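User: Hey, can you walk me through this one? I'm new to reading structures.

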Amino acid sequence: MIKQTKSTCCYCGVGCGVIIHSENDKIIDVKGDPQHPANFGRLCTKGSTLHLSAKLDNRVLYPELRTNRDLPRKRATWDESLDLAVEKFARTIETHGPDSVAFYLSGQLLTEDYYVFNKLAKGLIGTNNVDTNSRLCMSSAVAGYKVTLGADAPPACYEDIDHTECLLIAGSNTAFAHPIIYRRIEAAKEKNPNLKIVVVDPRQTDTAKAADLHLAILPGTDVALFNGMLHVMLWEGMLDHAYIEAYTNGFAELKETVREYTPKMVADICGIKEADIITAAKWFGKGPSLSMYCMGLNQSIHGTEKNAALINLHLATGQIGKPGAGPFSLTGQPNAMGGREVGGMATLLSGHRDLANAEHRAEVAKLWGVESVPEAPGKSAIEMFDAVKEGSIKAIWIACTNPAHSMPDLNSVLEALDTAEFVVVQDAFNNTETGQYADVLLPASTWGEKEGSVTNSERRITRVNPAVAIPAEARHDWEIVVDFAQRLERRLAKNSALFPYTTTEQIFNEHRETTRGRDLDITGLSYALLNEQGPQQWPFKEGDVTGKARLYADGVFQKPDGKAQFVNAVYKGTADKTDARYPLHLLTGRLRDQWHGMSRTGNVAQLFNHAEEPVIQMSADDMMRRSIKNGDIVRVSNKRGSLVLPAQLSDEVKPSQTFIPMHWGSQSMHGLGVNALMPPNYDKTSKQPELKHTAIKLEKLELP
Ligand code: SF4
C-alpha cells in the first residue's frame, strides 16, 4: 500500500510543502502539498524530482575511521567512532582550551539538529566556535535587518507579492533560485498588468528578461543605485516625512549623503541610463513597493550596507508593514532561518540573542542550566578555516555541508583541512570533497528519513516528517550530537546532564522556551498544533491563535527607543578590481536545476537536461576579440587558482563580464570549482565573504 507523508522540500528557502509517496519503505514519488501556503501544491524541477534523488549508492551507510592519515578509512562501529572523536576532542580541549575545537554546520540541518549542536559547543564545551554555511548565504541579510530594524526578522510574506504595485528584485535570479516564488510573481503580473517589476542584476537573467525594467548595473554598484533612487524620490517629493519623523532615526545624515548621488553620477557609477534610475525611483516611490533580494546583495564585502541601503528606501517612503510593501530577503537554504533562531552562528545565541550582550549570555546560561556562556567571540566561517590552517583550531566537526567546495579561496581551505589534527565529517552523502578529509566519517539521515522542523523565508515553521526508515547504520543528526555530547560529558567528568533528549519534540520544546518574550516568540506553537493546523509564521506567542503575516505595522521597531535606524551607506565597490592583468569580471550564480555542490541533484540524470556541464558564459564582443568560438576550451585564472572549461556565447553577460555557475566542483573536468578563484575578503559586520565576483584573465587553449 502506498503511504503518503507530509513534509518539506529540502532544497531552497521557499520551503515548499511536499507529500512523499512511499511503498515497502521506499520513496517512490513526491507531490506538492496543495494545503501548504508556500506553494499550494506546486513544485519546481528540483522539488518534483526529489524522489529520484533518494538512492543509496551515494550514501554514507556505516561509520568509518582512520587513526593514521596515510591509511584509508575503515568501517567501524558507532562506539569506536564516537569514542575516538570524544577522546580527540577531550584531549584537545584539556591541552589547548575549548577554543581549540570548532563546529561547522549547515542550513540544511533541521532546527532541532542545530539547537543541540549549539548547546554542545556553547553550553557544554564552552566555545563559541560554531558557524555554518549560512554565513556564506544570509549573514548580510541578518546584519542588514539588525542595523536598520533591530531584529533578524523579514517583515513581509509571500502573500505581499499579490498586493504590491512595484516589485524590486535585487541580486536574485528568482526564476532559477526560488522558482515557486517566481511562479507566484508571474501569476501576480498576469492578474495585475500594472504591476511594475524592476530587476537589478549585472546579468540579463531569465528574471531580468521578464522584468518591466532591467537595471543591469556594474558588479558591486548596488549602494550607489539605491542612494540614487532615494535622491530622486527626495527630489520628486515622494518621501513619507511623517513616517520618517515618527518612526525612524538618522534621516538627516543620510539626506546629506544622498544629495551627492545625482542620477547623472549614479548612471556613471552603475553603467546604466539616468532615465532608468528615475523611472525605477518613481515606480518605487508610488508603491506599495516590495523588494526581494538574495545573494547578489549578501555575498559581498559591503553586503550589510547593500541590504541597509535598500531598507532605507522602504523606511523613507513608509513602505513597510503594509500589504504589498516591505523589504524581503529570500533565504537561500531550507533552514538558514531556523539555524539563526537557535543561535547556530559564532555571533548569536538562542532565541535571536546576541553573544556580545552580557544579559543575553546570562539568560541563555540560565535556560540551559550552565554556569555561563563564554564571552569570547567565536570564529566565523572564513576565520574558522584560517584558524585551522594556522593551527589554533586543532579539531573540527563538519556537519551536512561541503566547505571544500563552497568556501572562497578553496586552496587555502584545503590546506586547512590537511593541517587539522582531527576532522569529523557527519553527512548523508559520500560524494563531497570534504568527506575525503574525514578522520571519522559519520553516516547521517537525510530528506525523507528525518524528523523535526524548518523555517522558510517568510518566517513560516513547517514540520519535517520521515516517510521511510534510515538505511543501514545511519543515524539522525541530532541523535549523533546527543550521543557524542553525553559521552563527552562523562569523559570530561562534567557533572551535568544537558542532553536528556530522546525525541526531536523535546528539543523543539526547549528551543521554544528560549524564544519566550523575544521577537520570534513561538511559545504558542507545538508539534501537535503544527501537525493539526499546518505551518505557522512567527511570532506565535502563548495564547495567540495565529502567527503574524507582517511585522512593524505599528511602526515599533526592535531598537531601544522603538525607532528604525537609517544607515548612511556609501558606495565602495568590489573586493577585487579588474586591471590590465585581470581584465574581466567573473560573476557566479546558480542554475535552475542544480543545488549547491550537487551532492543530491547530481544523482538525478534529468536535472542535467538544462545544463550538462560547467561552462563560462561570455559576450560576443569578448569572444570575438580573443578569437574564441562556442565550445572552445579556455583557461580562466587569477592569483588564487585556475579552471579549464568550455566557453559559451551568451547574451546574458555584458562585454568584459563572464559567468560561471557555482555547482560543479573537483569531480568535474575543470579544477576545484569556481569558488577556488573567489576572494576570501568578507564584510566587516556580517563576516559574509564576496562569493559573487572576482577579476580574471582568460586564455584560449589550443588542444591537439
Ligand atoms: Fe523545493 Fe525551492 Fe523548488 Fe520549492 S522552490 S520545490 S522549496 S527547490
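User: How close do the axes of helix 5 and helix 15 come, and at what angle do they cross?
Analyst: The axes of helix 5 (residues 139–148) and helix 15 (residues 303–317) come within 8 Å, and they cross at roughly 45°. That makes helix 5 oblique to helix 15. Angles under 35 degrees count as roughly parallel, over 145 as roughly antiparallel, 65 to 115 as roughly perpendicular and the rest as oblique. The axes are lines fitted to C-alpha atoms, for helices over the stretch in contact, with angles from 0 to 180 degrees between N-to-C directions. Helices (H or I, at least four residues) and strands (E, at least two) are DSSP runs numbered from the N terminus.

User: Is this an experimental structure or a predicted model?
Analyst: This is a predicted model, where local features need pLDDT of at least 70, side-chain atom pairs count only at pLDDT 80 or more, and totals for chains, interfaces and linings use all residues. Residues are numbered from 1 along each chain as its sequence is written.

User: What pLDDT does the protein chain average?
Analyst: The average is 97, and 99% of the residues score at least 70. pLDDT is the predictor's confidence in each residue, from 0 to 100. The model also scores ipTM 1.00 and pTM 0.97.

User: Back to helix 5 and helix 15: which residues meet there?
Analyst: From helix 5 you get S140, A141, A143, G144, V147 and T148, and from helix 15 they meet G303, T304, N307, A308, I311 and L315. Contact here takes C-beta atoms, placed from the backbone, within 7 Å. The residues of this contact divide into 6 nonpolar, 6 polar and no charged. For those classes, Ala, Val, Leu, Ile, Met, Phe, Trp, Tyr, Cys and Pro count as nonpolar, Asp, Glu, Lys and Arg as charged, and the others, Gly among them, as polar.

User: OK, and what's the angle between helix 12 and helix 13?
Analyst: Helix 12 (residues 263–270) and helix 13 (residues 274–286) pack at about 110°, with axes 8 Å apart. They are therefore roughly perpendicular to each other. P263, K264, V266 and A267 of helix 12 make the contact with E274, I277 and I278 of helix 13. By class, that contact of helix 12 with helix 13 has 5 nonpolar, no polar and 2 charged residues.

User: How far apart are the axes of helix 4 and helix 22?
Analyst: Helix 4 (residues 111–125) and helix 22 (residues 504–514) have their axes 9 Å apart and pack at an angle of about 70°. That makes helix 4 roughly perpendicular to helix 22.

User: New topic. Which residues are closest to the ligand?
Analyst: C9, Y11, C16, C44 and G47 are the closest of the 14 residues that surround the ligand. Helix 1 (45–48) and helix 7 (179–191) are the elements giving two or more residues to that shell. A residue is near a molecule or strand if its C-beta atom, placed from the backbone, lies within 6 Å of it. The shell around the ligand has 9 nonpolar, 4 polar and 1 charged residues.

Note on methods
Two residues are in contact if their C-beta atoms, placed from the backbone, lie within 7 Å.
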